[in-house]
Amino acid sequence: MTEIADAGDHAAERPSWDCRSCGKPWPCDPAREYLAGEMDRVQLAIVMWANMDEAIPDLPQGPPSELFERFIGWTH
Ligand SMILES: [Zn+2]
């Protein structure tokens, strides 16, 4: 059911989860701005949870708080 959020030009590359456009860890700032403009905060949080779920098996193991901040923390 999960799919990568459509963030316009700034889409996530898999499995690196870097931005296709600017090469920064996704969601980069333009991707965040785009997503925040597309949906309300609740939808945004749901979509980003789904994306974090997708990203976890792809990304090297790190502190869970890091991924949480990257995918969810900014949506508040
Ligand atoms: Zn980008």
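This is a predicted model: local features need pLDDT of at least 70, side-chain atom pairs count only at pLDDT 80 or more; totals for chains, interfaces and linings use all residues.
Now the geometry. As a reference point, the ideal angle for four tetrahedral donors is 109.5 degrees. Two of the ligands are worth a look for accessibility. Histidine 10 has a relative accessible area of 18%, which means that it counts as buried. Cysteine 19 is buried too, at 4%.

Let's move on to the helices. Take α3, which covers residues 64-71: here Leu67, Arg70 and Phe71 are buried. Looking down the helix axis, the buried residues fall within an arc of 80°, so they line one face of α3. Ser65 and Glu69 sit on the other side and are exposed. What do the buried residues of α3 pack against? They pack against α1, residues 29-38, and α2, residues 41-55.

That brings us to the largest nonpolar core, which has 19 residues. The members that touch the most others are Trp17, Trp26, Leu35, Leu44, Met48, Leu59 and Phe71. Helices α1, α2 and α3 are the elements that give two or more residues to this core, and α2 gives the most, with 4.

Last topic: charges. How many salt bridges does the structure hold? There are 3. In one of them, arginine 20 meets glutamate 13 at 3.6 Å, N to O. Arginine 20 is exposed, with a relative accessible area of 55%, while glutamate 13 is partly exposed at 35%.

Arginine 14 also pairs with glutamate 54, at 2.8 Å. This pair links distant parts of the chain: arginine 14 lies in the loop between β1 and β2, glutamate 54 lies in helix α2, and they are 40 residues apart. Arginine 14 meets aspartate 58 as well, again at 2.8 Å. Aspartate 58 is in the loop between α2 and α3, 44 residues from arginine 14. Through shared partners, Arg14, Glu54 and Asp58 join into one network. As for accessibility, arginine 14 is partly exposed at 37%, and aspartate 58 is partly exposed at 27%.

Key
Residues are numbered from 1 along each chain as its sequence is written. Side-chain values use heavy atoms; hydrogens and water are left out. Buried means under 20% relative accessible area, exposed over 50%, partly exposed in between (1.4 Å probe, protein chains only). The arc is that of the directions from the helix axis to the C-beta atoms. Contact means heavy atoms within 4.5 Å. A nonpolar core is a set of buried Ala, Val, Leu, Ile, Met, Phe, Trp, Tyr and Cys residues joined through side-chain atoms within 4.5 Å. A salt bridge is a side-chain nitrogen of Lys or Arg within 4 Å of a carboxyl oxygen of Asp or Glu.
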